[in-house]
Structure formats: C-alpha cells, structure tokens
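Hi,

Here is the structure I promised to send over. Have a look at it first, and then read on for what turned up.

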Amino acid sequence: MARAVLRGPARLVAPVLGALSFVCAGTSLGFELHVPDGVMPPEIPSDNPPSDAKAALGRKLYFDARLSTDGTIACASCHHPAHGFADPRGKPTSAGVGGASGARNAPTVLNAAFLASQFWDGREPTLEAQAVQPLINPIEHGFADHPAVVARLRELPDYATPFDAAFGSDEITIERVGQAIATFEREIISLNAPIDRFLAGDPKAISDSAQRGWGLFNSKARCNTCHGHIDVLPLFTDDLFHNIGVGVEKLDFEAVAAKAAKEVAAGRSLDELALNDVESSELGRFLVTSQQKDMGAFKTPQLRNVALTAPYMHDGSEATLEDVIAFYDRGGNDNPYLDGGMRPLNLTAQEKTDLVEFLKTLTSEDLDRFEPLAKLVP
C-alpha cells in the first residue's frame with residue numbers, strides 16, 4: 001500500500017499501488033482511497049486535506065435526513081449505496097422535500113471524485129461545492145439559504161464533537177459541511193469489475209456475447225467516441241458535454257434561453273433553473289456557459305455500474321439499457337444543435353443484445369463493502 005503525505009497543498013509523494021493511504025501532516029488520522037494500480041488518484045483540494053474524522057463527519061451528514069426542512073431527505077435518498085449510489089425510486093427524475101419532483105435524474109456519486117466538474121451541466125467545479133448546493137434548492141433539501149442549514153446543524157447537539165474531531169474546533173460553517181461530505185464521497189470509489197479483468201488479459205472474465213459487445217462498442221456502435229476507455233482514468237467517459245437530442249423534441253432553444261437569461265437577471269439561481277424549471281433545464285451546459293455550442297449539451301456520464309443506475313439520461317427518459325441502445329441506434333433526436341457524432345447505427349437485434357451484455361460487465365465486484373452504508377439510509 002502506498003502512502004502519501006499532505007503538507008500544505010495536496011500532493012502525492014509515492015507511486016500508486018493498490019489503495020492509497022493518506023496521512024495528514026501532524027496527525028495520526030488516516031484516509032484510504034481504493035485506487036487500482038495504474039489509475040491516477042482523484043485530485044484533492046489543498047484546503048481540504050482528508051482524514052478519517054472528516055470522512056466520518058461527512059458520512060454522518062450524508063445520511064442525516066435532518067438536513068432537510070421536513071426531515072425526510074438525506075443525500076443518500078437520491079444517492080443510495082444499494083442502487084449504485086443513484087436514485088433507488090425508479091422515477092424518471094428525483095424528488096425532494098414534500099415529494100416534489102425536479103427536472104433531472106440524480107447521477108451516481110460512485111467515482112464522482114474523478115470528474116472534472118459536478119452535476120449534469122458541470123455547474124460546480126468540485127465535490128465541496130456540489131455537496132452544499134442541494135441543501136438550498138426548494139425541491140431538494142428545501143432550506144432558504146446556507147445560514148439556515150448551519151442554524152439547523154447548530155441545533156443538533158450530536159454534531160459538536162464530530163466537527164471538533166474533523167476540524168479542530170466545534171465551529172459549524174457551510175464550508176466545513178461541504179468539505180466533510182466531499183471527503184466522505186472521495187472514498188466512494190469502485191473500479192473493480194469483470195471488464196477490468198478482461199482488459200488485464202483474462203479472456204474468460206466476460207462472456208462471448210459481452211466480448212462481441214466490446215468489439216461493437218469500439219467500432220460499429222461508436223460508443224467509444226464519448227465513452228472510450230483510458231487506462232489511467234477508466235470511467236468510460238470523456239467528461240465533456242454533448243447534445244445527443246434528449247428532451248429537445250419540442251424545445252425552442254432561443255426562446256427558452258432568452259427566458260432563462262431574464263430569470264438569472266432577476267436573481268434566480270442556475271441551480272433552481274436547472275432543477276425546478278423543466279424547459280430551462282433542457283438548455284443543459286448552456287445555462288452555465290451561455291455559449292451557443294453548449295445548447296442542450298449534457299455531461300457524458302461514466303458507465304461504471306451503469307446496469308445498477310436506471311433510469312438513464314439526464315431526464316430519466318430511457319428506462320432500460322435496451323432503451324438506451326435503441327436511442328443511439330436511431331441516431332438520437334434531431335435538433336439544431338445535435339452533436340455531429342450522432343447518426344443512425346443500423347444495429348441488428350443480436351448486436352443490441354451484445355452491447356447490453358457488455359455494459360453489464362462494468363458492474364463492480366466489490367460493492368458489498370458498501371452494504372453497511374445502505375443500512376444507514378433513513
């Protein structure tokens with residue numbers, strides 16, 4: 001096991017070998033990342049050095065439904081350990097306080113530590129920023145603002161000690177909340193699936209059908225255009241944004257963009273537009289960049305454990321993996337900003353089956369280590 005020491009800015013001082021063990025300078029608190037050999041570890045902000053105590057606090061916060069206005073919603077409600085850390089409720093879009101549904105399907109938290117940005121539209125750059133945003137969305141955790149979140153936590157006597165253990169004082173701030181949850185989420189890594197054994201040289205690790213699917217993935221089906229495999233970051237995503245035609249059938253992009261601009265000028269947050277306004281939500285990455293090339297573009301999701309995280313697409317519009325393959329086979333949905341890589345594939349029935357079988361080989365074989373976490377879901 002490699003050991004890395006954090007002194008000031010986070011940096012690695014040893015090669016990656018199996019799990020990474022971090023030690024915060026001046027303490028005896030350890031922190032482990034399950035990163036396989038040859039995979040680049042996720043970046044860790046220099047102002048948020050990890051520790052077991054901080055991860056423990058983050059875990060407590062992640063599973064605490066008291067961090068919602070009606071006491072019903074925790075982070076784990078939409079990112080459940082037993083459902084690949086995605087929404088277990090099977091609805092197209094995720095719901096929050098009072099059962100209100102948003103415009104998007106909650107993506108998995110598994111391996112999110114590796115991603116360059118967070119949310120379907122990449123509107124937050126770090127796990128720290130992502131972790132605290134849902135707390136103040138009216139249809140997620142429901143708090144009016146971050147001071148209201150802090151006030152709620154200060155009312156709960158069981159938080160003073162874990163904040164003190166994690167940060168050296170019992171002061172509760174929204175920055176510390178985000179840092180703790182992000183530290184816990186960085187431990188949620190799983191890159192151990194049959195496909196990994198197959199790519200490492202074991203020809204029997206996946207079925208003949210799945211092997212044919214892997215061949216199609218990299219050829220006729222053109223999946224690798226956006227979901228290519230990279231040895232040092234094997235999430236099967238380019239981590240970029242593309243318009244593939246989801247949710248745009250009746251969308252007047254220019255009219256909706258003009259309306260959204262007025263909403264922003266009037267003080268409405270991007271987070272509210274993304275989750276609470278169905279039409280504005282479909283603008284995707286454009287909401288963040290205001291660049292025409294990003295109209296209707298959404299992040300390429302990672303494919304790890306994809307068989308566990310139905311329904312699919314940012315709006316949950318595809319119920320099964322079979323539906324997803326059919327969507328791509330017809331070339332997506334036409335619109336003025338459709339990505340140039342989208343085109344009909346003319347797959348046979350057998351080829352579609354083989355692709356689905358391949359996608360199932362991306363399911364991790366070590367997810368049982370998260371079973372104790374599933375018992376914490378309120």
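A quick definition before anything else: I call a residue buried when its relative accessible area is under 20%, exposed when it is over 50%, and partly exposed in between, using a 1.4 Å probe and protein chains only. Please keep in mind that this is a predicted model, where local features need pLDDT of at least 70 and side-chain atom pairs count only at pLDDT 80 or more, while totals for chains, interfaces and linings use all residues. Residues are numbered from 1 along each chain as its sequence is written, and side-chain values use heavy atoms, with hydrogens and water left out.

Helices (H or I, at least four residues) and strands (E, at least two) are DSSP runs, numbered from the N terminus.

Aromatics

Rings of Phe, Tyr and Trp (the six-membered ring for Trp) count as a pair if their centres lie within 6.5 Å; planes under 30 degrees apart are stacked, over 60 edge-to-face, and the rest tilted. The whole structure has 13 aromatic pairs. One of them is Phe85 with Phe370: the ring centres are 5.2 Å apart and the planes are at 85°, so this pair is edge-to-face. It links distant parts of the chain, 285 residues apart, with Phe85 in the loop between helix H2 (75–78) and helix H3 (127–132) and Phe370 in the loop between H15 and helix H16 (371–374). Phe85 counts as buried because its relative accessibility is 1%, and Phe370 is buried too, at 5%.

Phe163 and Phe167 make a stacked pair, since their centres are 6.2 Å apart and their planes are at 25°. These two are four residues apart in helix H5 (residues 160–167), so about one helical turn separates them. Phe163 is buried, with 0% relative accessibility. There is also an aromatic cluster made up of Trp214, Phe217, Phe236 and Phe358.

Two rings have a charge over them, meaning that NZ of Lys or CZ of Arg is within 6 Å of the ring centre and within 35 degrees of the ring normal. Lys60 has its charged end over the ring of Tyr159, 4.8 Å from the centre, and Arg285 lies over the face of Phe241, at 4.3 Å from the ring centre.

Salt bridges

I count a salt bridge when a side-chain nitrogen of Lys or Arg is within 4 Å of a carboxyl oxygen of Asp or Glu. There are 23 of them in the structure. In the one between Asp121 and Arg123, the closest N and O atoms are 3.0 Å apart, and both residues are buried.

Asp239 and Lys299 form another, with 3.7 Å between the closest N and O atoms. Here the partners are 60 residues apart: Asp239 is in the loop between helix H9 (224–227) and strand E4 (241–242), and Lys299 is in strand E5 (residues 298–299). Lys299 is buried at 7% relative accessible area, and Asp239 is buried at 15%. Asp239 also has a positive phi, near 60°, in a residue other than glycine.

Asp329 and Lys352 meet in a salt bridge as well (3.5 Å, N to O). Asp329 is in helix H14 (residues 321–329) and Lys352 in helix H15 (residues 349–360), so the pair ties together parts 23 residues apart in sequence. Asp329 is buried, at 13% relative accessibility, whereas Lys352 is partly exposed, at 28%. Finally, shared partners join Lys259, Glu263, Arg268, Glu272 and Asp277 into one salt-bridge network.

Cysteines

How many disulfides are there, taking a disulfide as a pair of cysteine sulfur atoms within 2.5 Å? The count is zero. The cysteine sulfur closest to that of Cys223 belongs to Cys226, and it is 9.5 Å away, too far for a bond. Cys226 is buried, at 19% relative accessibility.

Most residues other than glycine have a negative phi, and most peptide bonds are trans. Ser290, not a glycine, has a positive phi of about 60°; this residue lies in the loop between helix H13 (286–289) and E5 and is exposed, at 55% relative accessibility. Ala310 and Pro311 are joined by a cis peptide bond, with omega about 0°, and Pro311 lies in the loop between E5 and H14.

Cheers

Notes: Disulfide = S-S within 2.5 Å.
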